[in-house]
Amino acid sequence: MNTELLNSKNQNEQSLDERFATRPRLRQRLLGMADLIDQAVTEGWTAHEAETRAVEQIRKLGQEVLTDWAEKAEHAARRQAQEENSKLIQYGNKKLLTWHSTYGDISVTAQCLRVGRRGPQVRPFCQRAAIGPRSYSLPLQRALVDFGADESFLDATKKVREHYGVEVPVSAAREHTLTHAKAVGALEHQPAPPAKVVITGMDGSMIPLVESGAGEDRRKGKTLGWKQANLCCARAQDTVECVYGATLASVKMAGLMWRTVVGGAGHVPTSSIHAVADGADAIFHAFHEQFDTSEGKAKFTVDFYHVDEHLGRAADCLAPTQKKAWLHEQHGRLLENQVGEVLQTLAAGFEPLGQEPAPVRGVHQYIAKRKDQMDYAGARAADLPIGSGEVESGHRHVIQQ
């Protein structure tokens, strides 16, 4: 009789106590689950309470099943590897190998092998189990990607905690979502119907980036740095949902992405584009590089509230006791496209030449340079926004999270 069939027959003839004699953790867990049922009946639990407690027990059981499997599989993998290659010898002390699963962290003590005294290291269990130190199991990766593709990466970790009861860092959700996205190709937006007017914007913000350390344990020696993330959004005038794009690449590359996002929002050759952003030169130049402004089909408008911030600095010097009234007057002029009158008011209060700082001169220069992008009256008449709050708020729910 085949040895495997004989072993299988012997196992089937064993009682549960005999089968679990060498698996004390699993035996104790099963006994605990049986006690849980009796407790639920005795104490009169509701169906919801019983289900909640059952899920907790099943999670713990899953973790112990995987741990028990790992311990036996490590021993079998090591023995098989040495049988197949007699030159493999034990190398160093056993090390604790831990990876992340949908049942929590799974740990097993694993022995490294080496081909001879100076040969390469071999990890039989890692090779056989297709798992590595501090890696993520495929089922857990699947959960991270499913949630990470639909929500922000931060929300993805919250949902994994809610549905699986395990804690994962935001960086893991980001890494695995982007890795699998690259493997299947870039994610594309569903084609939007042609839009008469596309409202769009771009903005940048600084985000912290943590670089892993060098060496085997990359958790040590981490460094914190900052890098600008450029975000753009676009939507048809008659819709509320935006198409977003974000990149850590240069502003020039962000401009190319901006064009793609506008196309995803329904831009066609007959569409007009209304862009609102702060007065940063890089954003203004990116807009003119990507969109044809020669026939007036694409217009750039400087964010009204950025202009207001600059005027506030001038008001501190020109009308310190009547700042609110002075600003109200300038706002009215801007909204009526009377930019020239605003510039005259600022010019009348210039600081003496050579004086530093000179906030009034600075505000005058800022507005004079961008006066052709301040058609606030035309935008309001066409029911178009004059503020870039839409793309700026996107930093919170697209990038920061």
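**Sheets, flanking helices and core of the predicted model**

Three strands, S1, S2 and S3, make up an open sheet in that order, with antiparallel pairing. Strands S1 and S3 (121-122) lie at the edges with a single partner strand each, so one side of each has no neighbour in the sheet. Strands (E, at least two residues) and helices (H or I, at least four) are DSSP runs numbered from the N terminus, and two strands count as paired if DSSP finds at least two bridges between them. S2 and S3 are joined in the antiparallel sense by two bridges, and Leu-113 is placed opposite Val-122 in S3. Helix H4 packs on this sheet, where it touches S1 and S2, and its direction makes about 5° with that of S2. Such angles run from 0 to 180 degrees between N-to-C directions, with axes fitted as lines to C-alpha atoms, for helices over the stretch in contact. The model is a predicted one, in which local features need pLDDT of at least 70 and side-chain atom pairs count only at pLDDT 80 or more, while totals for chains, interfaces and linings use all residues. Residues are numbered from 1 along each chain as its sequence is written, and side-chain values use heavy atoms, with hydrogens and water left out.

The loop between strand S1 (88-101) and strand S2 (104-115) contains Thr-102. Thr-102 has a relative accessible area of 14% and is therefore buried, the limits being under 20% for buried, over 50% for exposed and partly exposed in between (1.4 Å probe, protein chains only). Residues up to four places away in sequence not being counted, Thr-102 touches Ser-137, Pro-139, Leu-140, Tyr-164 and Val-166; contact requires heavy atoms within 4.5 Å. Leu-140 is also among the buried residues of helix H6, which include Ala-143, Leu-144 and Phe-147.

Helix H3 (residues 24-43) has 20 residues, which at 1.5 Å a residue should span 28 Å, in agreement with the 28 Å between its end C-alpha atoms. The expected span is 1.5 Å times one less than the number of residues. Leu-26, Arg-29, Leu-36 and Ala-40 of H3 are buried. These residues cover an arc of only 60° around the axis, which puts them on the same side of H3; the arc is taken from the directions from the helix axis to the C-beta atoms. Pro-24, Gln-28, Val-41 and Thr-42, on the other side of H3, are exposed. Helix H4 (47-84) is included in what covers the buried residues of H3. Gly-44 follows H3 and has a positive phi, near 70°.

A second open sheet has five strands in the order S6-S5-S4-S7-S8, with mixed pairing. Its edge strands, S6 (243-247) and S8 (298-302), each pair on one side only, and the twist averages 25° from one strand to the next. Strand S5 (residues 223-236) runs antiparallel to S6 and is joined to S6 by five bridges; Cys-233 has Tyr-244 as its bridge partner in S6. S7 and S8 run parallel and are likewise joined by five bridges, with Ala-275 opposite Phe-300 in S8. Four of the five residues of S8 are buried. Helix H9 (residues 251-264) lies across S4, S5, S6 and S7 at about 30° to S5, whereas helix H10 (residues 281-290) lies across S4, S7 and S8 at about 170° to S8.

The largest nonpolar core comprises 46 residues, and those with the most contacts inside it are Trp-258, Val-307, Leu-311, Leu-334, Leu-346 and Ile-367. Such a core is a set of buried Ala, Val, Leu, Ile, Met, Phe, Trp, Tyr and Cys residues joined through side-chain atoms within 4.5 Å.
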